[in-house]
Amino acid sequence: MSEADRSGAIVDGDSLRDYATAAYMTGREDTYLDLMGRAFDAYTDTKAPREAARTAFWIGLTLLFRHEHGRGGGWLARAGHVLQEAGTDCAEAGYLLLPKVETSFGAGDNHAAVDFAQKALEIGERYGDEDLSAIARHLVGRAQLALGDLHKGLSSLDETMVATTEGRLSPIVTGLIYCSVIEACQRYQILRRASEWTEALSSWCAKQPELVAFTGRCLIHRSEILMFDGRWPEAESEARVAIKRLTAGPAAHHAGPAHYQQGELHRLRGAYDAADESYRKASALGFDPQPGLALMRLRQGSGQSAAAAIRRALAATDAPTERMRLLGAAVEIALGLKKLDEARAFCEEMQALAETYPSDAVAASLAEMQGDLAAQDDLPEQAVKFYARSTGLWRNLACPYRLARVRLRSARACGALGDVDGAMAEARAAGTAFASLGAEPERQDADALIRELAHGEASILTRRQTEVLHLVTKGLTNREIAGQLGLSERTVDRHVSDILTRIDAPTRAAASAWAITNKLTAPGGSG
């Protein structure tokens, strides 16, 4: 088509628009915009207002995607004026409702978003415009998800994807819908659907070897799913290629999430210097590297820095999906700093959000948080129940890393209950999974717990009971222990009674002797 254009053979609007589509799909976005501008002029010259308006709409939308809001808004306004002057009722009027849907999303008015999308869908179906119908229906689905109606939202998205996978839509619309639906599923943590549609997008891209458009974002989605599935080397490879393609494209800032994804893979393997570099690159491109960076700082011993970072990230957003993405890390960091009230508040917020957005992954994360809080509150029986729920959900979702994390926590809770065999089985299973994944920091955690369990009976006490026993060995009374640990005297009475029962010691003096014999003389640890 380039050769035909050079010879002057491409002059009509339809041919120019086809030429523009080929340019877009092969990654020549600037050429696409130039050609669409020529197509608009051609349609205007031939008195084809509907086609001119549709062309102006796509120019405006593409510019908005590039964050060129002034020019983009100008072209959308031009499309509206063309239709207004023509005075025709047509499908193109439905296209001009679509930016209003996105504006409503941005303003947090999801009910208005549903209304505009439904009107666009009605227009698309009335005029038999499959592209418009598909875009509008998927926007209805996104709005329904935002309103907390997972069933209706997924139904709308699935219906849209039928038309998409059957090849009934134009190439550009096909790619846009794939990316938007996958992003929505990941945002609301509907992970199995995200995986299913990512594989379909990958297959669509693979059938077009010269395709450049969408492949960068496709690779990011695929890398995220591969990491979730435990295929970390493949995930890293996809992230690396995504960075290369997106950096070379017209919107290099889109590479920010790919750098963050690469940083996450480095962090989970314990390659903290490499992770730090990736997080810096993501930040430089405008992508906030949280919660990964905060979790890495916690692991490195900089708990206060981690807490400040995660609080700042939470303060920066009111979006429920973003807060759900951050709250798990917020709980983990708060517990690491012994800020139980703060951790409990974060967990309660997550519980409220889980009632509105009840995906399996959200439920699994919530149960993990609740188990961690119960364990910290010295309630191992409750912790084991929450961990059992979480492990069941992560197992069904086929997420080996998150499953192994919870099994390691469950091992500690089993140990606190005196079930050393159960604790050892859970710790060994977690350690094997971490080793297989290459999650070196957590593999070391699992090995340390296994050694502790093999060492002797110290594991039959919870962390809080170990702290209480340490103070008993120093000769403190229950009232003094309560004051030092910030507990009620009744709670300390209960702990001391439970300690004596668990270690079969008749007196406090006998308990002190047991602690010394088992080298349990440092608060919070043994050996």
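**Helices α12 and α13.** I began with helix α12 (residues 191-206) and helix α13 (residues 215-229), whose axes come within 9 Å and cross at roughly 135 degrees. I'm working from a predicted model here. How do α12 and α13 lie to each other? Angles over 145 degrees would count as roughly antiparallel and 65 to 115 as roughly perpendicular, so I put α12 and α13 down as oblique to each other. I also noted that the crossing of α12 and α13 is left-handed.

Then I looked up who meets whom. From α12 I listed L191, R192, A194, S195, T198, E199, L201, S202 and C205; on the α13 side they meet T215, C218, H221, R222, I225, F228 and D229. Sorted by class, the residues of this α12 with α13 contact come out as seven nonpolar, five polar and four charged.

Next I checked Q189, which sits in the loop between α11 and α12. Phi of Q189 is positive, about 60 degrees, although Q189 is not a glycine. Is Q189 buried or exposed? Its relative accessible area is 14%, and buried means under 20%, so Q189 goes down as buried.

**Another positive phi.** I found H67 in the loop between α4 (49-65) and α5 (69-86). Phi of H67 is near 65 degrees, again a positive value in a residue other than glycine. With a relative accessible area of 48%, H67 is partly exposed; the cut-off for exposed is over 50%.

**A cis peptide bond.** I looked at the bond from Q290 to P291 and found it cis, with omega near 10 degrees. I flagged it because most peptide bonds are trans. Where does P291 lie? I traced P291 to the loop between α16 (272-284) and α17 (292-299).

**Helices α7 and α9.** Back to helix pairs. The axes of helix α7 (residues 98-106) and helix α9 (residues 130-146) come within 11 Å and cross at roughly 15 degrees. Angles under 35 degrees count as roughly parallel, so α7 is roughly parallel to α9. This crossing, of α7 and α9, is left-handed.

The α7 side of the contact has L98, V101, E102 and F105, and they meet L132, I135, A136, L139, R142 and A143 in α9. By class I get eight nonpolar, no polar and two charged residues for α7 with α9.

The largest nonpolar core has 110 residues, and Y32, W58, L98 and F214 touch the most other members. Which helix gives the most to this core? I found helix α11 (residues 171-187), with ten residues.

Not counting residues up to four places away in sequence, L98 touches F57, A120, L132, I135, A136 and L139. I also found a second, separate core of 22 residues, with L268, M424, F434 and A446 among its members.

**P441 and L268.** I found P441 in helix α25 (residues 440-455). P441 is buried, with a relative accessible area of 11%. The C-alpha atoms of P441 and L268 are separated by 7.5 Å, while the two residues are 173 apart along the chain.

**T160.** I placed T160 in helix α10 (residues 150-165). At 1% relative accessibility, T160 counts as buried. What is T160 in contact with, apart from its neighbours within four places in sequence? I wrote down A134, R137, H138 and I177.

**The whole chain.** Last, I stepped back. The secondary structure comes to 29 helices and zero strands. Along its principal axes, the C-alpha trace spans about 100 × 40 × 35 Å. Of the 527 residues in the protein chain, 53% are buried. Among contacts with a separation of 6 or more, 57% are between residues 24 or more positions apart.

Technical notes: Residues numbered from 1 in each chain as written. Predicted model: local features only at pLDDT ≥ 70, side-chain atom pairs only at ≥ 80, totals over all residues. Heavy atoms only, no water. Axes fitted to C-alpha atoms, helices over the stretch in contact; angles between N-to-C directions. Helix = DSSP H or I, 4+ residues; strand = E, 2+ residues; numbered from the N terminus. Left-handed = near helix turned anticlockwise from the far one by under 90°. Contact = heavy atoms within 4.5 Å. Nonpolar A, V, L, I, M, F, W, Y, C, P; charged D, E, K, R; others polar. Core = buried A, V, L, I, M, F, W, Y, C linked by side-chain atoms within 4.5 Å. Buried < 20%, exposed > 50% of the residue type's maximum accessible area, 1.4 Å probe, protein only.
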